[in-house]
Amino acid sequence: MAAPAAGAIRKAVSRKLLFWLLGGAGFSGVFILVVVLALVVMLTGILSSPDTGTTDGTLNVSPDVLRYKALVEQNCKKNGIPDQVNVVLAIMMQESGGDGSDVMQDGASNPTDSIINGVKEYAKDYKAAQKADTNRLETAIQSYNFGYGFIDYAIKQSGGYLKSTAIAFASVYSHGKMRSNGTYAYGDQEYVPHVERYLVPTAGEGSPILAGSQQVVAAITAGEKYIGHSSYVFGGGRNQSDIAAGRFDCSSFVHYAFAQAGVNVGWTTDQLVTEGHRVSFSQIRAGDLIFFDTYKTNGHVGIWMGSGDQFLNCNDSHGVTISSLSNSYWKSHFKGVVVQLAQ
């Protein structure tokens, strides 16, 4: 409707009016004409400009972050990464939530300089990460947290970012020193999923929604690597030594697999069952979480494979394995609980 309205305003200044203003009214007519034309231009711009609003459908960030969007756009364009605006805003959300002076956490004393410096640094990381064979965006994001040296390290070790590569890098640069939460004392080894949770909408209790089938494939592929090379340990899978040795319980295995796809989900079955949204078994699809009543209600979880009746899981009989819902044990313990992470 904007374009027809703008056109109608322009037509309102008819030729007869122009002749009267220019020929019959002298200087005062010309002045009036200038004022009218200025109003036409202003109203045309208002009616024809798109609604920029204050939200972005591909972002889940705070209003404090969104207020800097124009400045981020300006600096992304200046640094040759105009398509990375949302990523920078997600990084800002992770770094500061848009609060304080140093919104990009780069040592600046005011938001403007922080954004200028932060975008410049991220642009350097992003361009260098294009040398990676895989996960170029994730390589750039993790580098913003770890430093520029992570890029060459990741490319040399695994062709680009992997969660395991980020952990190994932190292990080296922390000299093996661990924090009380089981992570290495260098940077944020969960930085990629922490940032990417702000790049998609949320569902349920604010849990991230799986963005697409490529992430389903990545999660399942990452998990399948442990088939035949793993063991079930209740409470396992929550530190690098367990992950390296393939020691998981059912929920830590699901967390690990999706983390490799850049999706941050819970660590326990109680958390995982609240992710995304419930669907009926008739609607189940690849990447959905399927729950079983074992030692408690929803005590076991697996990842639906999307073909036949198979799901990928870590259980106390086989470690990481592909199980079948037609198996009498699993069939008797399945009570219909399916959680869908994807939209």
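Modeller: Buried, here, means under 20% relative accessible area. This is a predicted model, and of the 343 residues of the protein, 46% count as buried.

Colleague: Okay, what makes strand S8 "mostly covered"?

Modeller: S8 runs over residues 310–315, and five of its six residues are buried. Each of those five therefore falls under the 20% cut-off.

Colleague: How do you know that S7 and S8 pair?

Modeller: Pairing takes at least two bridges found by DSSP. Strand S7, residues 300–304, has two bridges to S8, so the pair meets the cut-off. The sense is antiparallel, and Ile303 stands opposite Leu312 in S8.

Colleague: And why are S8 and S9 called paired?

Modeller: DSSP needs at least two bridges, and S8 and S9 have six, so they count as paired. S9 covers residues 319–324, and this pairing is antiparallel too. Gln310, for instance, has Ser324 in S9 as its bridge partner.

Colleague: What do S8 and S9 form, and how many residues sit between them?

Modeller: They form a hairpin, with three residues between the strands.

Colleague: Zooming out, how many helices and strands does the protein have?

Modeller: The secondary structure comes to 16 helices and 10 strands.

Colleague: And among contacts with a separation of 6 or more, what percentage comes from residues 24 or more positions apart?

Modeller: That's 52% in this protein. Each such contact has heavy atoms within 4.5 Å, because that is what contact means here.

Colleague: What about the surface?

Modeller: The protein exposes about 16,900 Å², and carbon and sulfur atoms supply 55% of that area.

Note on methods:
Residues numbered from 1 in each chain as written. Predicted model: local features only at pLDDT ≥ 70, side-chain atom pairs only at ≥ 80, totals over all residues. Heavy atoms only, no water. Helix = DSSP H or I, 4+ residues; strand = E, 2+ residues; numbered from the N terminus. Buried < 20%, exposed > 50% of the residue type's maximum accessible area, 1.4 Å probe, protein only. Areas by Shrake-Rupley, 256 points an atom, 1.4 Å probe, with all protein chains shown as cover.
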